[in-house]
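Please look through the sequence and the model below before reading on.

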Amino acid sequence: MQDTTTQRATLLVKLHEKLSHELGIASDCFTIGRKSDNHLVIEDPAVSGHHARITKIYAVYFVEDLKSTNGTFVNNNRVDRHQLRDTDVITIGRHRLIFRDGSAAAIAPVAAAEDFDKTMVLPGTAAGAGSALPPAGLHILSGKTDQREYLLTKHVTSIGSHAQAAIKLTGWFAPRTAALITRRNRTYYVSPARSGKTLTVNGQTVSTEKELKDNDRIEVAGTAMLFRMKPERKV
């Protein structure tokens, strides 16, 4: 029987805090680890040989930790099994995988990895570096949103009309996901989604990812926003 559900989900793979590639979850049981027989191979001694897996049950995706040495985290919380939602951030070792639910994307090749014998134990928790820092904020200058001020409290903040979007666009033709703001330690980055909507920062088009500075003006999908490293207390 042909699958008539939504398109396969994808992972935005960020290895060593660098934007690497986007990978389609082409199997209902998608494994992640250091050994070369995984669907996603991560060459890092902090990652177990078979570290975690993503499973699809009907149209719902779950991530499961496979009794790894350093654990699997979702949005900074250690999990054994967790239902995934759009823009959830899976942290494995020092690497982040941004889950995109049902979005179209090209499947990038996975590099083969050497099979290491030992797993390095990370000091403390793998996730959470910089999580205690005060968040930046966005002030809406124009456009239709559900509020005028936002705090960027998540590692990944989604801008769009879908139910889980942290910055909710309410216009009739607003895309489900227009852009993403990613926080890595003390730095914030904005990147466009695959909706095809043009993203600009201070009037310049952003095609991949751009670091944000205080008072940068962000525009996407008919909405203009002002990025603030130290938002007003009323936010």
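## A residue in a loop

Leu-66 is found in the loop between strand E6 (60-65) and strand E7 (72-74), where helices (H or I, at least four residues) and strands (E, at least two) are DSSP runs, numbered from the N terminus. Leu-66 is partly exposed, with a relative accessible area of 27%; on this scale buried means under 20% relative accessible area, exposed means over 50%, and partly exposed lies in between, using a 1.4 Å probe and protein chains only. Not counting residues up to four places away in sequence, Leu-66 touches His-50, His-51, Ala-52 and Arg-53, a contact being heavy atoms within 4.5 Å. His-50 is 16 residues from Leu-66 in sequence, and their C-alpha atoms are 6.6 Å apart in space.

This is a predicted model, in which local features need pLDDT of at least 70 and side-chain atom pairs count only at pLDDT 80 or more, while totals for chains, interfaces and linings use all residues. Residues are numbered from 1 along each chain as its sequence is written, and side-chain values use heavy atoms, with hydrogens and water left out.

## The sheet of five strands

Strands of a sheet pair through backbone hydrogen bonds, either parallel or antiparallel. In this model, five strands form an open sheet with mixed pairing, in the order E15-E14-E16-E17-E20, and two strands are said to pair if DSSP finds at least two bridges between them. Strand E15 (167-168) and strand E20 (210-211) stand at the edges with a single partner strand each, so one side of each is left without a neighbour in the sheet.

How many residues of strand E14 (residues 156-160) are buried? Five of its five residues are buried, with Val-156, Ser-158 and Gly-160 on one side and Thr-157 and Ile-159 on the other. E14 pairs with E15 in the parallel sense over two bridges, and here Gly-160 stands opposite Lys-168. E14 also pairs with E16, in the antiparallel sense and over four bridges, with Val-156 standing opposite Thr-182 of E16. E16 in turn pairs with E17 in the antiparallel sense over six bridges, and the bridge partner of Thr-182 in E17 is Tyr-189.

## The sheet of six strands

Another open sheet has six strands in the order E13-E12-E22-E21-E18-E19, with antiparallel pairing. Its edge strands are strand E13 (149-151) and strand E19 (204-205), each of which pairs on one side only. E12 and E13 form a hairpin with six residues between them, and Gly-143 in the turn has a positive phi of about 110°; three bridges join these antiparallel strands.

E12 and E22 pair in the antiparallel sense over five bridges. Strand E21 (residues 217-220) and strand E22 (residues 223-228) pair over four bridges, again in the antiparallel sense, and Ile-218 has Met-225 in E22 as its bridge partner.

## The nonpolar cores

A nonpolar core is a set of buried Ala, Val, Leu, Ile, Met, Phe, Trp, Tyr and Cys residues joined through side-chain atoms within 4.5 Å. Of the 22 residues in the largest core, Leu-138, Leu-152, Ile-181, Leu-212, Ile-218 and Phe-227 touch the most other members. At least two residues of this core are supplied by each of strand E12 (137-142), strand E16 (179-184), strand E17 (187-192), strand E18 (199-201), E21 and E22. Apart from it lies another core, of 21 residues, among them Ala-9, Ile-32, Ala-52 and Val-79.

Leaving aside neighbours within four places in sequence, Ile-181 is in contact with residues including Leu-138, Leu-152, Val-156, Ile-159, Tyr-189, Leu-212 and Ile-218.

## The chain as a whole

The protein chain has zero helices and 22 strands, and buried residues make up 46% of its 235 residues. Of the contacts in the chain with a separation of 6 or more, 45% are between residues 24 or more positions apart.
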